[in-house]
Amino acid sequence: MGNFVTFSASIRLIERKQKRKERKHEKNLVNSLCIGIARQLCSAPGRARTSARKRSQRDCGKKAEVQFNYFQVSGTISKISKQENGQFFATIDSEQNPFGFYFDDETLVFDNAGNAVELKEGIKITAFVDGTKPMIMIYPPQYSPDVVIVNTDNPGTVQLDKFDQKFLNAAKDLYIHFDEKTEIINLSGKKLKKDSVIDKEVLIFYEVVLESYPAQTGPSKVIVLERDENGQQASNIEKAYKIAEQDHYYINNVKMVPLRLIAEQLGYRVDSTGNGAVVSKGCVFYIITRGKTSYIQNQTTKQFAKAPALLEPRKTYVPYDFIEELAGN
């Protein structure tokens, strides 16, 4: 009998040791995953800069090609629909380059002469998109442009460019001159002085070009492609809470709101993991799993009041309080 008791105790001791090993192994896996994500998020810019320097050294002596954060896409709007978050979505049908884009009352919309206009179905447009912002990986691509230009038969050209202190453009083939009629604004609509144009990505609106080398023009309008940071952040937070008020469920008195819509409104990238998501911005990331109240911020484990859940097809909902945490970062 004594031998049997000793044997049973030994078995229990072995089981406890095995469980401790499994928990330690699981923790090590999570830590490794966190470190890997953090390195990927925080180290990529450094690697990009190193690669850029190497390319620059390799291409020394060649004419430099200026890289812009913004890029442009063009097409004809075939359909405009209103989204559940209050935005509108324009569909561009094209055999070669189909795409769509979101817009709202903060999207600047002008014709090629610089006049404020409205977007309608059937018109030709050129949308200017900030390539540094998170984008949904989907085909056809979906963009959120800051500026949309309606192409008309009226005279006028819109050009994406960058200018130095002498107001010579990046390609060294165009000077711009300002007068009292030149309107200079940023994406928030704030009026600026001409020095605000220097070394910034801008859109210039002009008609007549003086034939010389470099060529010269006096733009009627210049849009500096940046927003007032404080105003933009406040606006995004306000929109995120607006989404939560329009799209939510209650589970046991806990208000649940859509994770992707709100996180992307606040500037985060959202990557699906199949049973949850990795939400990231800069060096901050969250690992969220549906059905589990615990989630990870970087290498810290935190708790939701209610486990994230798939309350609509392909839409994960999280507790309302998570908006405040995302907005704080």
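An open sheet is formed by seven strands in the order β4-β7-β5-β1-β2-β3-β6, with mixed pairing, where strands are DSSP runs (E, at least two residues) numbered from the N terminus and two of them pair if DSSP finds at least two bridges between them. Because β4 (108-111) and β6 (142-143) stand at the edges and each has a single partner strand, one side of each is left without a neighbour in the sheet. The model is predicted, so that local features need pLDDT of at least 70 and side-chain atom pairs count only at pLDDT 80 or more, whereas totals for chains, interfaces and linings use all residues. Residues are numbered from 1 along each chain as its sequence is written, and side-chain values use heavy atoms, with hydrogens and water left out.

In general, strands of a sheet pair through backbone hydrogen bonds, either parallel or antiparallel. Strands β5 (residues 124-130) and β7 (residues 147-150) run antiparallel and are joined by four bridges, and I125 has V150 of β7 as its bridge partner.

Rings of Phe, Tyr and Trp (its six-membered ring) are taken to pair if their centres lie within 6.5 Å, with planes under 30 degrees apart counted as stacked, over 60 as edge-to-face and the rest as tilted; by this rule there are 15 aromatic pairs. The ring centres of F110 and F205 are 6.1 Å apart and the planes stand at 75°, so this pair is edge-to-face. Since F110 lies in strand β4 and F205 in strand β11 (residues 201-206), the pair ties together parts that are 95 residues apart in sequence. F110 is buried, with a relative accessible area of 9%, and F205 is likewise buried, at 1%, where buried means under 20%, exposed over 50% and partly exposed in between (1.4 Å probe, protein chains only). One aromatic cluster is formed by Y268, Y286, Y295, F304 and F322.
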